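User: I am new to protein structures and would like to learn how to read one. Could you take me through some features step by step?

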Amino acid sequence: MRYVYLDNAATTKTAEEVVEFMQEVFTEKYGNASSFHKKGREAKQLLEWARDVIAKKVKAKSESVIFTSGGTESNNLAIKGLAFHELIKNKAKKHIIVTSCIEHSALLNTCKWLEHFGFKTIKLDVDRQGFINLHQLQDVLENYSKQILVVSIMTANNEIGTIQPIKEIAKLCNEHHIVFHTDAVQALGKIDNEITLKHADMISISSHKLHGPKGVGALIVREEVKQKLMPLLHGGPHEFKLRAGTENLPCIAGFAKALQLLKEKDKQHMIKLRNKLIKELSDVASLNGPYDEKAIKRACHNTNFWFGVDSEFMGLWLDAKNIATSAGSACHTASPKPSHVLLAIGLSKEKAKQCLRLTLSKYTTLEEIEYAIDCIKTFTRKYASK
Ligand SMILES: Cc1ncc(COP(=O)(O)O)c(C=O)c1O
């Protein structure tokens with residue numbers, strides 16, 4: 001029976017080559033990378049190979065890669081790591097965190113929690129397509145430059161795919177000597193050229209969004225910024241003393257393998273299917289987020305539409321047809337609240353509850369997209385005007 005998985009922004013299928021590779025690590029390379037014996041050395045070698053693969057992808061030195069349990073932990077380490085260091089060393093003289101109102105909850109809730117310790121969050125607005133306003137950022141930087149701890153703006157949005165002007169943001173932060181972090185979880189492998197340590201001081205990435213295993217990711221940190229980070233986990237000296245605990249080698253190796261498997265042609269494939277979806281659904285839905293055929297302003301795997309029908313009802317109807325979609329961020333599916341991202345781009349509460357996100361991967365086929373389009377059109381003919 002056909003199953004059309006269009007929820008790849010939530011997570012992706014682990015590539016078979018990755019599973020095979022990890023299998024060998026589980027059964028053969030099971031040593032602890034900190035052990036001195038042969039099995040330990042073998043594990044250490046594999047760990048450093050994976051670090052190197054990931055570092056090359058973001059044009060960083062391998063010492064810049066700190067393995068974590070995923071995007072959530074990477075965002076927490078970046079922001080809390082800086083905040084606790086500042087709190088302990090300088091009594092939080094720099095206590096303002098500048099971010100956007102459409103960040104992932106892993107970032108926004110980290111900032112919110114830090115407010116218990118006296119930190120303040122400034123959330124930049126976004127326009128109807130989800131872009132921040134660089135003039136607003138510049139004003140904030142000029143007005144508060146001495147108090148700002150970090151600017152954190154995501155590279156690509158997980159709900160509407162908007163790709164922020166990372167180079168320009170980095171330039172502004174640089175001019176004001178302010179640390180710039182970007183959550184690139186939805187961008188890695190989708191818009192490679194933008195995500196390097198040349199632009200950001202810290203980058204959060206996650207393996208399971210690109211056909212790697214779940215529960216592993218990394219924070220890439222520029223050397224000078226590493227000194228300003230406090231670890232969240234205390235214990236052994238793993239990961240340059242920034243993340244204690246025996247490394248999850250099978251998943252780390254799987255993450256690197258998944259990155260190696262990504263090809264430019266996969267991106268082109270997703271762009272083609274995505275553009276077809278957008279074009280063919282234009283008469284029954286309106287697109288949320290930017291439209292751009294070449295995926296320069298919108299991540300290549302993302303679509304999000306307003307259909308004018310309750311998204312839960314529509315999602316379940318499509319689920320019965322074996323089509324997996326999402327009403328927004330997977331972290332909020334249990335929440336009855338409308339998406340903060342859709343509200344931020346100007347949708348009413350009612351409209352924000354009538355949207356579905358359809359996200360692609362390199363495994364999505366043309367036949368699957370055609371089947372999804374057919375089913376969606378059947379659905380909207382039946383229910384959209386009622
Ligand atoms: C933009 C963004 N940041 C962070 C995360 C959290 O990543 P992880 O699931 O690896 O913790 C996600 C996952 O949905 C995401 O889309």
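User: Which residue of β8 is the bridge partner of Ile66?
Analyst: Strands of a sheet pair through backbone hydrogen bonds, either parallel or antiparallel. Here, the bridge partner of Ile66 in β8 is Leu219. Val65, in turn, stands opposite Ile220 of β8. Four bridges join β2 (residues 65–68) to β8 (residues 217–221), and the two run antiparallel. Two strands are said to pair if DSSP finds at least two bridges between them. The names come from DSSP runs numbered from the N terminus: helices are H or I runs of at least four residues, and strands are E runs of at least two.

User: What should I know about the model and its numbering before going on?
Analyst: Residues are numbered from 1 along each chain as its sequence is written. This is a predicted model, where local features need pLDDT of at least 70, side-chain atom pairs count only at pLDDT 80 or more, and totals for chains, interfaces and linings use all residues.

User: Which way do the residues of β2 point, and are they buried or exposed?
Analyst: A residue is buried if 20 or more other C-beta atoms lie within 10 Å of its own, exposed if 12 or fewer, and partly exposed in between, with C-beta atoms placed from the backbone. Val65 and Phe67 point one way from β2, Ile66 and Thr68 point the other way, and all are buried.

User: What is the strand order of the sheet of seven strands?
Analyst: The order is β2-β8-β7-β6-β5-β3-β4, in an open sheet with mixed pairing. Its edge strands are β2 and β4 (120–124), each pairing on one side only. On average, neighbouring strands of this sheet are turned by 20° against each other, direction ignored. For such angles, axes are lines fitted to C-alpha atoms, for helices over the stretch in contact, and angles run from 0 to 180 degrees between N-to-C directions. Helix α5 (residues 134–144) packs on the sheet, touching β3 (96–100), β4 and β5 (148–152), and its direction makes about 155° with that of β4. Touching is a matter of contact: two residues are in contact if their C-beta atoms, placed from the backbone, lie within 7 Å.

User: How many residues of β6 are buried?
Analyst: Five of the five residues of β6 (residues 179–183) are buried, and the strand is mostly covered. Val179, His181 and Asp183 point one way, while Phe180 and Thr182 point the other way. β6 pairs with β5 in the parallel sense over three bridges, and Ser152 has His181 as its bridge partner in β6.

User: Which strands make up the sheet of three?
Analyst: That open sheet has the order β9-β10-β12, with antiparallel pairing. Its edge strands are β9 (286–287) and β12 (355–359), each pairing on one side only. Five bridges join β10 (residues 302–306) to β12, and Phe305 stands opposite Leu356 in β12.

User: Why does Asn302 count as buried?
Analyst: Asn302, found in strand β10, counts as buried because it has 28 C-beta neighbours inside 10 Å. Not counting residues up to four places away in sequence, Asn302 touches Ala9, Ile160, Gly161 and Thr359.

User: Is Ile296 buried or exposed?
Analyst: Ile296 is exposed, because 12 other C-beta atoms lie within 10 Å. Its place is the loop between β9 and β10. Ile296 and Thr162 are 134 residues apart in sequence and 9.1 Å apart in space, C-alpha to C-alpha.

User: How do helices α2 and α9 pack?
Analyst: Helix α2 (residues 38–57) and helix α9 (residues 249–261) pack at an angle of about 35°, and their axes are 9 Å apart. Residues that make the contact include Leu46 and Trp49 of α2 and Ile252 and Phe255 of α9. By class, the residues of this contact are 13 nonpolar, one polar and one charged. Ala, Val, Leu, Ile, Met, Phe, Trp, Tyr, Cys and Pro count as nonpolar, Asp, Glu, Lys and Arg as charged, and the others, Gly among them, as polar.

User: Which residues come nearest to the ligand?
Analyst: A residue is near a molecule or strand if its C-beta atom, placed from the backbone, lies within 6 Å of it. Of the 14 residues around the ligand, Gly70, Gly71, Thr72, Asn158 and Ser206 come nearest. The shell has four nonpolar, nine polar and one charged residues.
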